[in-house]
Amino acid sequence: MPAGPAVLVDGLVMRYGDRTAVDSLSFEVEAHTITAVLGPNGAGKTTTLETCEGYRRAQAGKVRVLGLDPVRDRAALLPRIGVMLQSGGAWSGARAEEMLRHFARLHAHPLEPAVLIERLALDECGRTPYRRLSGGQQQRLGLALALVGRPELVFVDEPTAGLDPQIRRAVWELLEELRADGVTVVLTTHYLEEAERLADKVHILDHGRLVASGSPLELTRGGTVATVRLVVTQPFPPGAPEALARSLGDGTELTVLDELSLQVSGPADSSTLARVAAWCADHDVLPESLSLGQRNLEDVFLELTAREDVR
Amino acid sequence: MTTPARATFAPRPGAAPVAQQLLTQAGMEARLMLRNGEQLLLALVIPVMVLVGAVQGAERVGLDLDGRPVDVFTPGVLALAALSTAFTSLAIATGFERRYGILKRLGTAPLSRMTLLGGKVLALLAVQVLQFVVIGGVGVALGWDGPDGIVGHLGVLLAALCGTAAFASLGMLLAGTLRAEATLAAANLVYLLLLGGGAVVLPAEAYGGLESWVTWLPSGALGEAMRSACDGTIDAGHLVVLVLWAALGTALTARTFKWE
């Protein structure tokens with residue numbers, strides 16, 4: 001196998017009409033890791049992944065997967081990768097096990113379908129045709145179809161969306177086992193705790209650009225920066241967040257997360273807490289919770305991709 | 001199952017041999033076609049009803065035909081069966097495969113488009129064998145003698161193959177350009193129009209002044225080729241018409257087909 005990244009995206013540009021979906025994006029995925037690609041809806045994740053999967057041709061820049069051009073070398077690449085689609089993609093009258101066996105027979109050395117059926121609890125689907133499977137069952141079948149050909153690299157798109165906690169945990173364990181067995185996993189997810197738990201490396205996209213890259217630890221450590229998270233019982237009075245931002249002064253960053261919660265990042269200490277508490281009293285705001293803590297990946301993500309930045 | 005020495009998910013990528021993929025794909029498609037009630041209606045129930053109805057109706061009203069009604073209508077209904085499977089069923093199934101993202105998902109498997117198409121054609125032919133056995137059986141029950149000699153059987157085979165090529169390419173053209181619902185409507189409409197006015201079941205000579213025109217239609221060419229074959233002659237002219245339609249359909253499909 002050639003040394004080098006499993007996935008290389010270098011200066012990728014993708015436009016739909018006037019809109020630039022992916023804007024000079026560059027990142028790499030190291031082999032045998034779980035790498036999460038995160039970003040709000042419309043950040044360019046799907047377009048980027050579909051370019052890596054060979055569904056779209058890079059308009060500018062270069063994309064290489066396992067050293068191959070996903071469009072030009074598609075025939076050589078396809079047996080080596082697994083792609084989990086978010087939804088759909090099955091004959092409405094086909095049964096889960098039938099689909100899985102069908103996909104297995106298209107490959108030279110497939111996994112025994114029974115292994116995936118057991119690991120992903122697909123036996124509960126029985127003889128139900130695809131159109132009557134629940135969203136979670138369709139999701140799990142999608143993952144099984146991506147894995148059955150024993151790929152070197154899998155692209156998994158929202159693997160645990162809509163799954164109950166028990167099965168979500170089983171999927172996490174499966175993805176960790178894949179990595180341990182030498183498979184490279186590229187993951188997109190909306191669940192940041194999922195990325196924080198699983199990923200060796202995280203790439204955060206926004207507006208088609210890479211805004212942060214690193215291990216979850218590197219991204220959340222961020223020096224002395226800590227956060228104060230405030231949740232209130234009534235929506236903030238107009239102008240109140242701006243007043244708080246002024247009272248905190250420079251060096252801190254205030255992000256309104258929604259109408260009931262905000263976050264202060266910066267060198268937060270007890271005096272910051274005291275100022276926030278005083279501001280609550282001044283504005284007649286009743287806190288539901290006020291917490292000081294190290295940032296988690298979700299905080300970093302929200303800061304980097306927040307649409308509403310005060311001041 | 002033997003205990004694997006390697007880790008469960010250790011990569012071992014590879015595409016299956018093309019022949020295995022072809023058979024797998026054809027088997028899946030044929031099973032799905034026969035499992036679907038509407039498809040089954042189109043493939044078997046309607047042709048059998050048309051055959052029985054036409055033979056009995058012609059005897060009752062004393063239709064002026066060149067031969068016994070069962071000898072005229074059985075080849076025509078065989079042609080209709082080939083048309084319904086290769087065109088209407090294929091177009092509808094493929095339209096919904098596009099709509100439901102099945103072609104996209106199959107695009108993630110190491111299955112080339114040629115193998116996918118080959119699998120479809122093989123599935124069509126398998127379903128047609130079943131149709132021919134059932135319809136031929138009903139024909140025989142009504143007094144049909146079957147195709148004349150080896151040449152006749154060969155002619156039926158050639159007509160079915162050329163007809164399938166022509167109609168499958170046109171069905172794919174429809175499915176690859178229209179939305180799934182529009183494909184469903186158009187494929188059924190074309191089927192009905194050709195059934196009535198396309199010289200499939202009724203011989204071209206029944207269309208009077210339009211006779212020379214309808215045999216240029218793929219339906220008329222297929223119907224005439226099938227009727228000639230059952231009379232023991234290979235109708236090269238109409239087979240060529242079918243091949244030309246297949247070439248036209250394939251060229252247009254290759255230019256216009258959208259996989260998603």
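This is a predicted model: local features need pLDDT of at least 70, side-chain atom pairs count only at pLDDT 80 or more; totals for chains, interfaces and linings use all residues.
## Annotated spans in chain B

Let's start with the record. An unreviewed UniProt entry gives "transmembrane region" for residues 40-58, 78-96, 121-144, 150-175, 182-204 and 236-254 of chain B.

Residues 78-96 of chain B are 100% helix, and their end C-alpha atoms are 26 Å apart.

## Helices α3 and α5 of chain B

Two packed helices are described by the angle between their axes and the distance between the axes. Helix α3 (residues 69-99) and helix α5 (residues 113-141) of chain B pack at about 150°, their axes 10 Å apart. Since angles over 145 degrees count as roughly antiparallel, α3(B) is roughly antiparallel to α5(B). The crossing of this pair is right-handed.

On the α3(B) side, the contact includes B:Leu78, B:Ala81, B:Thr85 and B:Glu97. The α5(B) side contributes, among others, B:Lys120, B:Leu124, B:Gln128 and B:Phe132. By class, the residues of this contact are eleven nonpolar, eight polar and two charged.

## Helices α5 and α6 of chain B

Helix α5(B) also meets helix α6 (residues 149-177) of chain B, where the axes come within 11 Å and cross at roughly 130°. The two helices are therefore oblique to each other, and their crossing is right-handed.

The contact is made by B:Leu117, B:Lys120, B:Leu124, B:Leu125, B:Gln128 and B:Phe132 of α5(B), with B:Val156, B:Ala160, B:Leu161, B:Thr164, B:Ala168 and B:Met172 from α6(B). This contact has nine nonpolar, two polar and one charged residues.

## The sheet in chain A

Now for chain A, which has an open sheet of three strands in the order β2-β1-β4, paired antiparallel. Strands β2 (19-29) and β4 (60-65) of chain A each have a single partner strand, so one side of each is left without a neighbour in the sheet. On average, neighbouring strands are turned by 25° against each other, direction ignored.

Five bridges join β1 (residues 7-16) of chain A to β4(A); in one pairing, A:Val13 has A:Ala60 as its bridge partner. Helix α1 (residues 45-52) of chain A packs on the sheet and touches β1, β2 and β4 of chain A, its direction making about 120° with that of β1(A).

Definitions and conventions. Residues are numbered from 1 along each chain as its sequence is written. Chains are lettered from A and ligands numbered from 1 in the order in which they are written. Side-chain values use heavy atoms; hydrogens and water are left out. UniProt positions are given in the numbering used here, feature names are shortened, and annotations may be inferred rather than shown by experiment. Helices (H or I, at least four residues) and strands (E, at least two) are DSSP runs, numbered from the N terminus. Axes are lines fitted to C-alpha atoms, for helices over the stretch in contact, and angles run from 0 to 180 degrees between N-to-C directions. Angles under 35 degrees count as roughly parallel, over 145 as roughly antiparallel, 65 to 115 as roughly perpendicular and the rest as oblique. A crossing is left-handed if the near helix is turned anticlockwise from the far one by less than a right angle, and right-handed if clockwise. Contact means heavy atoms within 4.5 Å. Ala, Val, Leu, Ile, Met, Phe, Trp, Tyr, Cys and Pro count as nonpolar, Asp, Glu, Lys and Arg as charged, and the others, Gly among them, as polar. Two strands pair if DSSP finds at least two bridges between them.
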